[in-house]
Each structure stands twice: as structure tokens, then as C-alpha cells.
Amino acid sequence: MLIIFKSDITPEQLENVRERVLAEGCEAHVVRGVYRVTINVLGDDSKLDPEELKSYEGVTEVISVMNPYQLVSRDFHKQDTEIKVKDVIFGPGRFVVMAGPCAVENEEQTMRIARAVRKAGANVLRGGAYKPRSSPYNFQGMGEEGLKILKRASVETGMPIITEALDSRSLEQVYKYGDIIQIGTRNMQNFSLLKEVGRLDKPVMLKRGMSSTIDEWLMAAEYVMAGGNTRILLCERGIRSFDARHTRNVVDLSAVPVVKALSHLPVVIDPSHGTGRRDSILPMSLASVAVGAHAVMIDVHDDAQHALCDGAQAITPVDFEKIMEDIRKVARALDKTVEVPR
Ligand code: PEP
Ligand code: MN
């Protein structure tokens with residue numbers, strides 16, 4: 001059960017309800033977000049009457065739920081959620097393209113790639129400044145200096161920035177410079193980090209854990225939303241399977257319609273990390289439009305052979321331009337708007 005309060009609830013009003021919940025032997029987890037305060041009731045709540053709870057002062061809604069996730073579910077919010085980031089809108093009838101280097105390597109590289117993807121029609125600039133690398137000896141990202149470079153590229157091209165936060169410390173920096181906070185596959189169940197981004201007022205893109213079920217993914221999103229941050233993008237980035245010889249992961253396209261039925265949040269596909277190979281980016285991007293995803297995120301590099309991270313999956317700006325053209329064709333056939341650069 002979830003009890004939702006108006007945001008200006010007084011401590012006494014909150015305490016009255018909390019005591020009522022505790023009196024029935026349940027746990028009451030108070031979550032204070034930017035936009036609302038909630039009590040998540042855990043335990044056997046069968047003795048708590050939603051109608052009675054609604055009569056308490058300050059309570060706006062009481063939701064009894066069977067699902068382990070509530071706020072992110074379609075039951076809770078019927079319409080598709082639209083998420084606006086500067087001029088870019090993620091939501092029904094639209095297809096957003098995010099592109100850029102896997103990692104920010106230096107100013108010239110990032111500026112060149114940002115200008116190229118913008119010219120081709122990208123809407124959002126991607127680039128990692130804090131990189132979650134499997135080997136500690138690999139390039140770990142430029143840190144704050146990388147974020148400053150992204151910011152300059154964003155100011156020049158007009159594209160908002162999506163970039164990854166690895167932990168609380170990098171989150172502070174990412175919040176300062178970025179427009180969308182990316183939580184990577186390896187951190188999908190980092191619950192303390194999820195709680196932290198839940199308290200922020202910037203959108204979050206939550207990548208699916210590479211071995212996570214759809215329910216686990218949605219529960220992770222619930223952590224963010226329970227904190228009051230309702231602007232969440234769900235990103236399918238490939239899951240582990242038995243055959244990793246030819247593709248790095250398996251892009252679970254079938255998850256898209258399933259997640260759209262279960263949740264009201266926009267769904268993004270990352271064909272680059274999903275397949276790990278550049279020759280798969282075009283077909284998987286077109287499939288993303290066709291399967292009903294709301295966006296893709298694509299790694300682009302103009303010197304992939306020397307890329308400090310994930311060169312094998314990066315496509316050239318020229319190939320990106322071709323992919324954009326084909327994305328527009330498929331989108332048009334399906335009556336979807338591909339945002340165009342101003
Ligand atoms: C990335 O997008 O740079 C990244 C590291 O992705 P993932 O968390 O999906 O591996
Ligand atoms: Mn990468």
C-alpha cells in the first residue's frame with residue numbers, strides 16, 4: 001500500500017498516519033520527494049482501510065497494489081508519460097535520437113562529433129565523463145573536465161546532455177552540468193544511488209541491468225519515482241545470453257511492448273551497447289522505431305580505431321547521417337515525429 005500526501009503536509013499530520021500504520025504491525029517508510037511525500041506501507045496491510053486512511057488530513061491518495069511497483073505502473077497512471085528536456089520531448093508519437101561518443105576524450109573530438117551528429121539531426125548529445133569500465137586499467141573518463149567539455153558542446157549545438165553518474169560524488173557533478181542523468185546497467189540495482197537520483201529535479205535514464213528481469217527493472221524505476229522524481233526514461237541496452245561470440249548482448253526488443261503495457265514511462269533502446277558491433281546499429285535502430293520505442297541512443301566516433309572506449313560499436317558521422325535518413329523514413333511511415341534541429 002502506498003499513501004500519498006500533499007507536499008506541504010505538517011509533521012503532525014504525517015505522524016498521525018504513520019502511527020496508524022504502525023498500530024497494525026506494518027512498517028511505514030516515509031519518502032520525501034521534491035513534489036510529494038509518501039509512506040510506503042510494508043507488511044500485511046489487510047487491516048488498514050484505504051477509505052479510513054483517506055480521511056486523515058493531508059492524505060491525497062491511497063493506493064492498494066498487488067504489484068511490487070506502483071508509481072511507475074500503468075495502473076497508477078494510464079496515459080503515456082511525456083518527458084520534456086529543454087526543447088526535446090520523449091513520449092508518444094515522437095522518436096528522439098541521442099548520439100555522441102561513448103566517452104568524452106578531449107575537447108576537439110567531442111566538439112567535432114557533437115557538430116556532426118547535430119547536423120545530421122540528433123536531438124540529445126551523449127558522452128561519458130565517468131566510465132564504468134570492466135578493467136581498472138582502461139580509460140576511466142575525464143571526470144569534471146569532460147563534463148565541462150560536454151557543456152561547451154551543448155551550448156554551441158543547442159543539444160541537451162545525457163551523461164552517466166557512477167556514484168554519489170560523480171552524481172553531484174553530473175547534476176551540475178548534465179540535463180539527463182544516466183544510470184548505467186551495472187548500477188541499476190544500486191538502491192542508494194537510485195534513492196539519490198529520486199530526490200533530484202532532473203530526468204533520469206535508467207538502463208536495464210544486463211541480467212535483470214523486467215520486474216527488477218521496473219522496481220528499480222520505482223525507487224527513483226518513490227523519491228518524487230517522476231521523469232524517468234527506461235533504456236533497454238541488451239541482456240546477457242549464452243552466445244556472446246557474435247553480439248555482445250541480446251537487444252531485448254520484445255521487452256518494449258511488454259514494458260509499455262506495464263508502465264507509462266518512455267522506453268529508449270541503446271543498440272550500440274546492446275550489440276557491440278557497428279554493422280548492427282542501422283537495423284536495430286530501425287527496429288527500435290518499428291517496435292514502438294520512443295528513442296535510441298547511438299555511439300558515434302570519427303576515429304573509432306583510436307577510440308578510448310567501445311570503438312567496435314561506434315559508427316562514423318557519415319553512417320550516422322544515413323541512419324538518420326532511414327529512421328525518418330520508418331518514423332514517417334508510422335506517423336511519428338523525429339524531432340528536427342532548430
Ligand atoms: C554507456 O552508455 O556509456 C554505458 C556504459 O552503457 P551501459 O551501462 O549500458 O553499459
Ligand atoms: Mn560504452
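1. His 29 stands opposite Asn 40 in E3. The strands concerned, E2 and E3, run antiparallel and are joined by six bridges; pairing requires that DSSP find at least two bridges between two strands. Four residues separate E2 from E3 in the hairpin that they form. Strands (E, at least two residues) and helices (H or I, at least four) are DSSP runs, numbered from the N terminus.

2. On provenance: this is a predicted model, in which local features need pLDDT of at least 70 and side-chain atom pairs count only at pLDDT 80 or more, while totals for chains, interfaces and linings use all residues. Residues are numbered from 1 along each chain as its sequence is written, chains are lettered from A and ligands numbered from 1 in the order in which they are written, and side-chain values use heavy atoms, with hydrogens and water left out.

3. Four bridges pair strand E1 (residues 2-5) with strand E3 (residues 37-42) in the antiparallel sense, and Ile 4 stands opposite Thr 38 in E3.

4. Contact here means heavy atoms within 4.5 Å.

5. An oxygen atom of ligand 1 lies 2.9 Å from a backbone N or O atom of Thr 185. For side-chain N or O atoms, the distance to a ligand 1 oxygen is 2.8 Å at Lys 207 and 2.6 Å at Arg 237. Ligand 1 taken alone exposes 290 Å², of which the protein buries 97% (Shrake-Rupley method, 1.4 Å probe).

6. Asp 310 lies in the loop between strand E14 (295-299) and helix H11 (317-333). Leaving aside residues up to four places away in sequence, Asp 310 touches Cys 102, Arg 248, His 273 and Asp 299. Its side chain makes polar contacts with the side chains of Arg 248, at 3.2 Å, and His 273, at 3.1 Å. A polar contact is a pair of N or O atoms within 3.5 Å; within protein, one must be able to donate a hydrogen and the other to accept it, and residues adjacent in sequence count only if both atoms are side-chain atoms.

7. The structure holds one aromatic pair. The ring centres of Phe 191 and Tyr 223 are 4.5 Å apart and the planes are at 25°, so the pair is stacked (centres within 6.5 Å, planes under 30 degrees apart). Phe 191 lies in helix H6 (residues 191-198) and Tyr 223 in helix H7 (residues 214-226), so the pair ties together parts that are 32 residues apart in sequence.

Terms used:
Rings of Phe, Tyr and Trp (its six-membered ring) pair if their centres lie within 6.5 Å; planes under 30 degrees apart count as stacked, over 60 as edge-to-face and the rest as tilted.
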